[in-house]
Amino acid sequence: MNIGIVRFPGSNCEVDVWEAWKVLGQVPKMLWHQETSVRGYDLIVLPGGFSYGDYLRTGAIARFSPIMEDVIRFAKEGGMVLGICNGFQILTECGLLPGALLRNRDLHFLCQPQYLRAERTDLAFTSLYQKGEVIQIPINHGEGNYAIDDAGLKELEENGQVVFRYVDASGEVNEAGNPNGSRHNIAGIVNREGNVLGMMPHPERVVEEIVGGTDGQRLFLSLVQAWERRMQYGA
Amino acid sequence: MLKAKVTVTLKKSILDPQGSAVEKALKSMGYPVDEVRIGKYMEVTLPEAARGNATEMMHEICRKLLSNPVIEDYRFELEDKE
């Protein structure tokens with residue numbers, strides 16, 4: 001599987017993502033933001049960090065970097081794209097995903113384990129999770145408060161585009177389980193076509209027991225499985 | 001030369017936690033304020049050659065990069081710069 005991880009000036013989770021893939025048997029390539037083509041890749045990952053120092057708005061400047069033009073083309077042609085944290089912010093800025101990420105409700109930078117509920121398990125990203133399963137994946141952000149207008153929110157919910165929601169330990173969607181004020185406790189969404197996923201939590205940080213958890217593993221393994229199926233059946 | 005003075009503010013429907021924090025601080029200092037909203041102010045200097053379509057170009061710049069239309073509104077004024 002050809003996996004490309006885009007490195008922007010200010011990215012800081014790209015090596016974690018690379019390491020996670022390596023633990024799971026894949027060797028991705030790093031792509032510099034100045035590159036202009038992502039042809040030949042099966043998956044592009046936009047990692048976390050503070051691309052371009054988060055100047056102006058998170059993801060606002062990264063969105064206009066040379067490589068993003070081709071990532072947008074790739075996504076529109078059905079290529080798989082995964083945006084984690086700052087990567088999610090970039091995906092909303094360039095319009096591949098709806099909404100925006102605002103400053104956390106309580107203004108604090110949050111770095112903590114977080115309970116999530118898997119809402120969609122029919123996607124290439126999540127097929128190895130159980131629907132409604134509660135998993136624990138850490139968050140690490142100052143601006144993860146998912147905002148969208150009422151009409152957009154209605155559309156997201158009606159189309160089942162919410163993939164992960166923040167919940168409490170028992171799996172309930174409530175204020176106590178919502179760390180940053182996101183509307184409808186949204187932690188991750190997918191586009192209507194199902195090939196672009198953006199999420200604030202960091203699955204790459206929980207792929208080995210030694211680092212405190214393995215709940216992130218299945219996201220990566222789901223993608224490998226989907227790719228294998230595509231190779232086998234040409235779907 | 002021309003100078004564009006751009007103001008970007010969060011849409012009314014978007015909560016502004018920074019503004020709320022400042023508002024609370026002002027209230028606790030005893031000032032009778034109703035609400036504080038925090039935005040951004042930017043100055044863009046344009047060459048003389050851009051004068052003809054400066055308004056149109058500034059709208060485009062504001063929509064594309066300086067503001068995010070999903071959450072923000074913008075406005076600008078153009079003035080002569082010495």
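Colleague: What makes the side chains of Glu133(A) and Arg218(A) a polar contact?

Modeller: Their distance is 2.7 Å. A polar contact is a pair of N or O atoms within 3.5 Å; within protein, one atom must be able to donate a hydrogen and the other to accept it, and residues adjacent in sequence count only if both atoms are side-chain atoms. The pair therefore falls inside the cut-off. Bear in mind that this is a predicted model: local features need pLDDT of at least 70, side-chain atom pairs count only at pLDDT 80 or more, and totals for chains, interfaces and linings use all residues. Residues are numbered from 1 along each chain as its sequence is written, chains are lettered from A and ligands numbered from 1 in the order in which they are written, and side-chain values use heavy atoms, with hydrogens and water left out.

Colleague: Why is Glu133(A) called buried?

Modeller: Its relative accessible area is 18%. Buried means under 20%, exposed over 50% and partly exposed in between (1.4 Å probe, protein chains only), so Glu133(A) counts as buried. Glu133(A) is in the loop between strands E7 (115–118) and E8 (134–136) of chain A. Apart from residues up to four places away in sequence, Glu133(A) touches Leu116(A), Arg117(A), Ala118(A) and Arg218(A), where touching, or contact, means heavy atoms within 4.5 Å.

Colleague: How many helices and strands does chain A have, and what makes a stretch count as one?

Modeller: Chain A has 5 helices and 13 strands. Both are DSSP runs, numbered from the N terminus: helices are H or I with at least four residues, strands are E with at least two.

Colleague: How do you know whether chain A is as compact as a globular protein of its length?

Modeller: The radius of gyration, taken over C-alpha atoms, is set against the globule rule, 2.2 Å times the number of residues to the power 0.38. For 235 residues the rule gives 18 Å; chain A has 16 Å, which is close to that, so chain A is as compact as a globular protein of that length. The C-alpha trace spans about 45 × 40 × 35 Å along its principal axes, and 58% of the residues count as buried. Of the contacts with a separation of 6 or more, 74% join residues 24 or more positions apart.

Colleague: What makes H2(A) mostly covered?

Modeller: Of its 11 residues, 8 are buried, including Ile67(A), Asp70(A) and Phe74(A). Those buried residues pack against strands E1, E2, E3, E4 and E13 and helix H3 of chain A. Just after H2(A), Gly78(A) takes a positive phi of about 100°.

Colleague: Turning to chain B, why are E2(B) and E3(B) called edge strands?

Modeller: The open sheet has the order E2-E1-E3, with antiparallel pairing. Strand E2 (40–46) and strand E3 (72–80) each have a single partner strand, so one side of each is left without a neighbour in the sheet. Neighbouring strands are turned by 20° against each other on average, direction ignored.

Colleague: How do you know that E1(B) and E2(B) are paired?

Modeller: Two strands pair if DSSP finds at least two bridges between them. Here 7 bridges join E1 (residues 2–10) to E2(B), so the two are paired. Val8(B), for instance, stands opposite Lys40(B) in E2(B). Helix H2 (residues 54–66) of chain B packs on this sheet, touching E1, E2 and E3, and its direction makes about 145° with that of E3(B). Such axes are lines fitted to C-alpha atoms, for helices over the stretch in contact, and angles run from 0 to 180 degrees between N-to-C directions.
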